[in-house]
Amino acid sequence: MLTDEEVKHIAKLARLKLSDSEVERLGKQISGVLDYVNILAEVDTAGVQETSQVTGLQNVMADDVVLKSPASREELLACSELPVDSKQVRVIKIMK
Amino acid sequence: MANFNKLTIRQAAEGLRAKNFSAEELLNDCLAQIKLRDKDLNAFVTLDENGAREQAQTVDKKLEAGEKLPLLAGIPMAVKDLIYTKGVKTTCASPILKDFVPPYDATVMEMLKAQDIVMIGKTNLDEFACGGSTEHSCFGPTKNPFDLTRVAGGSSGGSAACVAADMCLYSLGTDTGGSIRQPASFCGIYGMKVTYGRVSRSGVNSMASSWDTVGNFARNVEDIALVLQQIAGKDRRDMTTPDVAVPDYSSFLNKDVKGMKIGLPKEYFAEGVDPEVVAAVKNSAKKLEKLGAEIVEVSLPYTKYAVAVYYVSVPAELSANLERFDGIRYGKKPSEDPADIVDFYFKARGEGFGDEIKRRIMIGTYVLSAGYFDAYYKKAQRVRTLIIRDFAEAFEKVDALIAPVAPTPAFKVGELVNDPLAMYMADVLTIPVNAAGLPGLACPCGVTASGLPIGLQIIAPQFEEGRCLQVASALEKV
């Protein structure tokens, strides 16, 4: 069972603001899932390779041709709710 | 209303060419059906009535002028709201993308638009395709057309319900752990989960990159083949699409199953699977036997670990993929002023994601963190290898497998939504197919005593979608 402190720490790593009731509710549910996935420990995987992709593709190459972007810079910038300044999205001040 | 919305793709295409009706009349019947049923079903989250009408009128003009058009021209369809549609809102059923309008089309939409299709609208889903009931949607659940107190399945619940309720002729969805097959089965229609990489995912919001696939729903096998033909293939914008030739899928529809070896994986008929479901699938196996197929029992012993593999691997990949949602380049910014940039992220993501996404991001973050990476993430990747071997060994003995799609028919709205683990277990029979990257076609195979649809899935080796269609077509005809 994860402690509230552990839940808050994971949420911090994931940049998620959680309310106290979320910490309690989600924490309990996440602990339940983590307990369940522990059944993997009973499988003998000695000498078994890890799978990270399933169709056996290796070193995928493409012709050295520049593709046209499906959207223009202006269209992409327009997706942001923040102000656009000098063709860039202006975020709030980072340096104090 | 002439009910043109109930036609198959081929019937509609022939009717348009014979001038029995126009593309606009075909569209009107679909829109009328949506008005009639969708306030109860909630299959659509966005309707693009004007865009659809314009497109239908364009097709009518071309037909008038005697132009030769592709088969899918003028045929009304719907798209899961996870797939980018240029100029039409794509929300992923998430508060964070509530008003997001993508400036470009997903490759699958480009391919279909080249066919002059009529896109009616975007369909409901579990937020970012995470869930098995379409209840984790910021638009509320999609209901089952057979019983409004039950779920349509998920995560592509809207895409299944709209086809089952004759609101359009076909739809697109995605399947990461059963999200096409399970709603197809709950709604009594066909749903194709393709081989990993068979259909481009460019412009489709990523959930778990080594698991996600794009596929299609329809009310008959031929319609599945006709649409799959247009969306399958290599795409330069998705480097996971291998250069494997796309066969003529329709050519499999008239092949018989005589001499074919079809396996029944015994773990898929075990305790916990509803007896009515078992009986319906076994009855279909008998039909195939009568058609000359040989039915053999096989074993996939690692089946029971698939859900655990999924709930380590998928949240891990998802937590990385969803890092892009920070409220800056796109998506909702925080509702109140943040103190600093880090607070901006916390608030944008805290407000922007629903419970299931928060749970999965946190599980993923946990299993990828130092100290747990080997015990959870690498372990799951190794067990995934064993699941793949299970299937490889089975396919040495048989040409295809048939099995139930889900352990039960559609469950009640609200029944599992607060019990994540119970909801996850509903995917126990679909997840292994994604783990191994195999194609699986869900087909209706009966109804329960209370009238709920039951589905079976036909599973084949990678890139053998044609074999799934062949078996499905044989079953459809008896």
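Two residues are in contact here if their C-beta atoms, placed from the backbone, lie within 7 Å. The model is a predicted one.

Let me begin with helix α1 of chain A. Its buried residues are A:Val7, A:Ile10 and A:Ala11. Looking down the axis of α1(A), these buried residues fall within an arc of 100°, so they line one face of the helix. What lies over them? The cover includes α2 of chain A and also α11 of chain B. After α1(A) comes A:Arg15, with a positive phi near 55°.

That brings in the contact between the two chains. Chain A gives 44 residues to the contact and chain B gives 54. On the chain A side, α1 (4-13), α2 (20-37) and α3 (73-77) each supply at least two residues. Which helix has the largest share of that side? It is α2(A), with eight residues. By type, the chain A side divides into 30 nonpolar, nine polar and five charged residues.

Now back to α11 of chain B, residues 355-368, and a helix that meets it. The axis of α11(B) comes within 7 Å of the axis of α9(B), residues 306-321, and the two cross at roughly 100°. The two helices are therefore roughly perpendicular to each other. From α9(B), the residues that meet α11(B) include B:Tyr311, B:Val312 and B:Pro315. On the α11(B) side, B:Arg360, B:Ile361 and B:Ile363 are among them. The residues of this contact divide into nine nonpolar, three polar and one charged.

Next, the sheet of chain B. It is an open sheet of 11 strands with mixed pairing, in the order β1-β3-β2-β6-β8-β7-β12-β13-β11-β9-β10. In general, strands of a sheet pair through backbone hydrogen bonds, either parallel or antiparallel. Which strands of chain B stand at the edges? They are β1 (44-47) and β10 (294-298); each has a single partner strand, so one side of each is left without a neighbour in the sheet. Neighbouring strands are turned by 30° against each other on average, direction ignored.

Two helices pack on this sheet. Helix α5 of chain B, residues 157-164, touches β1, β2, β3, β6, β7 and β8, and its direction makes about 165° with that of β6(B). Helix α12 of chain B, residues 373-397, touches β9, β10 and β11, and its direction makes about 140° with that of β9(B).

I will take strand β6 of chain B in more detail. How many of its five residues are buried? Five are, and the strand is mostly covered. Both of its faces are covered, with B:Tyr170, B:Leu172 and B:Thr174 on one side and B:Ser171 and B:Gly173 on the other.

β6(B) also pairs with strands in the sheet. It runs parallel to β2(B), with three bridges joining them, and B:Met77 has B:Tyr170 as its bridge partner in β6(B). With β8(B) the pairing is antiparallel, over five bridges. There, B:Gly173 stands opposite B:Gly215 in β8(B).

One more pair to finish. Strands β12 (440-447) and β13 (453-459) of chain B pair in the antiparallel sense over seven bridges. In that pair, B:Gly440 has B:Ile459 of β13(B) as its bridge partner.

Note on methods
Residues numbered from 1 in each chain as written. Chains lettered and ligands numbered in written order. Predicted model: local features only at pLDDT ≥ 70, side-chain atom pairs only at ≥ 80, totals over all residues. Axes fitted to C-alpha atoms, helices over the stretch in contact; angles between N-to-C directions. Helix = DSSP H or I, 4+ residues; strand = E, 2+ residues; numbered from the N terminus. Parallel < 35°, antiparallel > 145°, perpendicular 65-115°, else oblique. Nonpolar A, V, L, I, M, F, W, Y, C, P; charged D, E, K, R; others polar. Pairing = 2+ DSSP bridges. Buried ≥ 20, exposed ≤ 12 C-beta atoms within 10 Å, placed from the backbone. Arc of directions from axis to C-beta.
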